[in-house]
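This briefing concerns a single protein chain.

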Amino acid sequence: MTNEDARESGSGARCQHNYVVTAHKPTVVTHSAVGKFTSSEATDLIVAKSTRLEVYRLHAEGLKPVLDVPINGRIATMSLCQTGSGDGKARLYLTTERYGFTVLSYDEANEELKTEAFGDVQDNIGRPADDGQIGIVDDTCRAIGLRLYDGLFKVIPCDEKGGVKEAFNIRLEELRVEDIKFLHGTPKPTIAVLYRDTKDAVHIKTYEIGIREKEFVSSPWAQNDLEGGSNKIIPVPAPIGGVVVLGQEIIVYLNKFEDDADVFLKAINIPNIPDRTNITCYGAIDPDGSRYLLGDADGMLYLLVILHDGKRVRELKIERLGDTSIASTLSYLDNGVVFVGSTYGDSQLIKLHAEKTSIDKDGNPTYVQILEEFTNLGPIVDFAFVDLERHGQGQVVTCSGALKDGSLRVVRNGIGIDEQAVIQLPGVKGLFSLRDSDDSQMDKYLVVTFINETRILGFVGDEGDTLDETEIAGFDAEAQTLCCGNMQGNVFLQVTHRGVRLVSRGGDLLDEWKPKDGAEILSAKCNPTQILVAAAGGQLHCLNVAKGKIVLLASKTFENEIACLDCTPMGDGMSSPVCAVGLWSMDIVLASMSDLSVITKESTDEDIIPRSTLLCSFEDIPYLFVGLGDGQLITYVLDQNTGALSGRKKLSLGTKPITLQTFKSHATNVSSVFAASDRPTVIFSNNKKLIYSNVNVQEVLHVCPFSSEAFPDALALAGDEDLTIGGIDDIQKLHIRTIPLGGHPRRIAHQVDTNTFAVAVEHLMSKGDQELFIRLIDDGSFDTLHQFRLEEHELASSLMSCSFAGDSREYYVVGTGFAYEQEDEPSRGRILVLRVEADALELVSEKEVRGAVYNLNAFKGKLLAGINSKLELFKWTPREDDAHELVSECSHHGQIITFSVKTRGDWILVGDLLKSMSLLQYKPEEGAIDEIARDFNANWMTAVAMLDDDETYLGAENSLNLFTVARNMNAMTDEERSRLEITGEYHLGEFVNVFSPGSLVMSLKDGDSLEVPTLLFGTGNGVIGVLASLPKDAYDFAERLQTSMNKHIQGVGGLKHAEWRSFRHTLRRKSDPSRNFVDGDLVESFLDLKVEQADVVAADMKCDRAEIIRRVEELQRLTH
């Protein structure tokens, strides 16, 4: 048996097969461009979000999405250029960080991207450029220029139609390049190079490219000693030509004409800046280059105007326009509308006005109006996985954004309610909707009942679109309504404790029925042709309506009182052949509606009274649902021929009584069930399997469909205090709430006992100074309760909530480091123990340490801290004055920087900044921490996690890879057992900052679902990802599907998926294929394939397409 076999057969084998999928796509905008891409008649906005490409078409009403496609690579450069192909459309030129190159066009007939050219632009020699790639396209598409390596400039010539020819390299003397751009209107392709010399002075130089000679043939002009902060070039279109160089204080225009002896220069100072500013991006407004938008690192937007006479520039003017998100890209669309793409905050669609729209906080006029904001979670520095409603539904609260755009984001999965009307209405005991007639598809009245009265809301006014209180004369308004509905024959039904009332559309009372012995009616249900009434003493009556009269069809008396009942038609029928009755004896009875004879009697086997029953049908499968008083739901499959109940499953939806109600979307004609409780849930079916999705609202006590012209496909929901009318999402998705912080959130922790979050927030002040606070935030309202200020130069590097052995109180513990300019690594830090008292943070204890406290863990009732290169364990020791202090118990040395630490039991997993992962064990009897095993590869770790107790460990490193290591428990020698051997490798393409066990989907154990442990991770690009450890058979299926899709489905731009996911490290000369990881995004894209493509993949796998869809949807449901 080989070592690999030993690991596969060990207890940790399950966690060595991992499924990685994206729950929230990247939202950081890195590039954008505007042009005629999808059509020669339309203007498009193209947005790059690291590994995704999105295309929007500009309409009068805003941006409409056209495409959203994954790219097998991280987009490094993007340019849009009009070619001479004759179709009037531009082409998109992309390079990836792994040196993939592709040219894309849009196929209007098939509505998809078309690859015009692709290839690998990597060179065998050369030092990759430190500041990233530069990719540019000549304005007339004669050549493409790439600066990928220091000292080399790659040229890809293009033909008249935009086709690419063989590339060649030219030696570039300038090594410290700031920017390169093609000049416009030149006889030959000519570049301008902005660079720094060895003395840090900034110069610009131009080079004319000889395509035939394959070298620079001349240097038309150059200018030395530009402003030291200059970092960007704007090429000005012909006939003006030349360039604008953007500095931190000065903007300068440069050009040289044939009759000029020297370079022509115009300059202007950037206004209204107390300190230097850093222009991060620009966007052209006019095709002739007269006006440009500039965005700086503080989120300020400027307008640069170039005044010229058509040949020479006369003057530069610059004006401050106002605040936006900190821009990474600026794209002017049309009519004053601009797309602001952001890396650090939400991207925005803004409109520029000629007149000021407001005054900012500094008293400056602003000309910017924000039209729309696009949520960006990136960069996610840290997050807390919490259950804020205490209902078992996990949520992620992220530290997102940076600088002034920093915020907390509350992310939860579920079905959303689009609130269209909210009415303060406490004490609601039931909701019912009424149509005006049998033929109407829309509801007109909403009947709201209380303990001693019934009120009716209806659409009134000339247009019939105003919802206001009204009345139906024949209704008993001074009683609680138990049931209300439309009966065939254009009549209304109202059931109260006193009796059953039949009322005409005009409000006349047509008939009334009461139990003969005067028994009180306890509950009732109806459908368009049948009425089911439960009265005191276990009486059950079946009624119908004939010729305006209520007719008793059958009666039956049970030994026990009736708790709930239902006669909802299954399918599209108008009546039900059976009814479901819940008794106080905890039994469920199915009875015939014709004579109320018992067909089936089933015990719930529970001690809780059933509070709601519902008959329903999904995908032609009849079900009986039973909601219990403790928030549990029991489901049965119903045999309509025999009445037998089978397939019993029980799951917990909440803790309070469940009320069940069917509703249907008129748009999709799909039926669902709403389970109202303290944890509202929508139940539907997919591939003949019941799916449960939580609804992102607070407690719902009563619900009914209320679809009207004003509120199409809406529901009415009643809580403790208010009534909400709103539409419901068709699909489950992530819902995000934003809490702006005005600063940069660094770390977050949650404390259940005090219902608070502690967040380390950094504020950048003027002149580059920093202030850092520990902010105490209420976990319900997210209001700031208190701020605890750290000392000057002190930064929080870790934060957690814990209690200590012998002290049951919860504390927040903050680890800090002092950042002094003269120190490469902090030599001083503190561990602060804070307690929440009267909604404020109170310092209980502090411990000075020699270094920055990079991480903190609660460990065996003690505190485990990673301080620079050592790991130290502290005890919480009482002092004579009844206070406590942290006292060192033991420590472990052996790391470079103890960057990330996770613990479980006695085991400690350390992720080192330079030396990969090591596994340590705490030995309490010896008071020592010993190293057990280590990975001897050099990986620069960013986050680590334990996948099982003592076998398999997960790491993320700065080359954007994930890998797993395992202990070789069956090794023969101590040396082999001391090694953590690599068992899995995968290129994620994302910088992972944090791992946390948890899941964003509802955890419902219904007996036949696959159960998989999951980890969540957050990345710099705003991705929330899921890593699920699959059983071997599920993993093998997913891997086979991945292999087949790689074989038959071409990636966008010819970029290959297998190469993209291959593990590549800066210290390795070659990449290694991914192993023991499956790309869930690729697997789940099978659901989006065209039928003919899916059939090819299914045939290759020798598997039925429907079965593949079922299994992929199961994986999707389990993970996100």
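The strands E45-E46-E47-E48 form, in that order, an open sheet of four strands with antiparallel pairing; strands pair if DSSP finds at least two bridges between them. Strands E45 (521-526) and E48 (549-557) are the edges of the sheet and have a single partner strand each, so one side of each is left without a neighbour in the sheet. The model is predicted: local features need pLDDT of at least 70 and side-chain atom pairs count only at pLDDT 80 or more, while totals for chains, interfaces and linings use all residues. Residues are numbered from 1 along each chain as its sequence is written, and side-chain values use heavy atoms, with hydrogens and water left out.

**The sheet in detail**

- On average, neighbouring strands of this sheet are turned by 20° against each other, direction ignored; the axes are lines fitted to C-alpha atoms, and angles in general run from 0 to 180 degrees between N-to-C directions.
- Strands E46 (residues 531-535) and E47 (residues 539-546) run antiparallel and are joined by five bridges.
- Ala-534 has Leu-540 in E47 as its bridge partner.

**The chain as a whole**

- The protein chain contains seven helices and 88 strands; these are DSSP runs numbered from the N terminus, helices being H or I with at least four residues and strands E with at least two.
- Its radius of gyration is 34 Å, close to the 32 Å given by the globule rule for 1120 residues, so the chain is as compact as a globular protein of that length. The radius is taken over C-alpha atoms, and the rule is 2.2 Å times the number of residues to the power 0.38.
- The C-alpha trace spans about 115 × 80 × 65 Å along its principal axes.
- Of the 1120 residues, 56% are buried, that is, under 20% relative accessible area with a 1.4 Å probe, protein chains only (exposed is over 50%, partly exposed in between).
- Residues 24 or more positions apart account for 50% of the contacts with a separation of 6 or more, a contact being heavy atoms within 4.5 Å.

**Glu-794**

- Glu-794 lies in strand E69 (residues 794-804) and is buried, with a relative accessible area of 1%.
- Not counting residues up to four places away in sequence, Glu-794 touches Leu-772, Thr-816, Gly-817, Phe-818 and Arg-830.
- The Glu-794 side chain makes polar contacts with the side chains of Thr-816 (2.6 Å) and Arg-830 (2.8 Å). A polar contact is a pair of N or O atoms within 3.5 Å; within protein, one must be able to donate a hydrogen and the other to accept it, and residues adjacent in sequence count only if both atoms are side-chain atoms.
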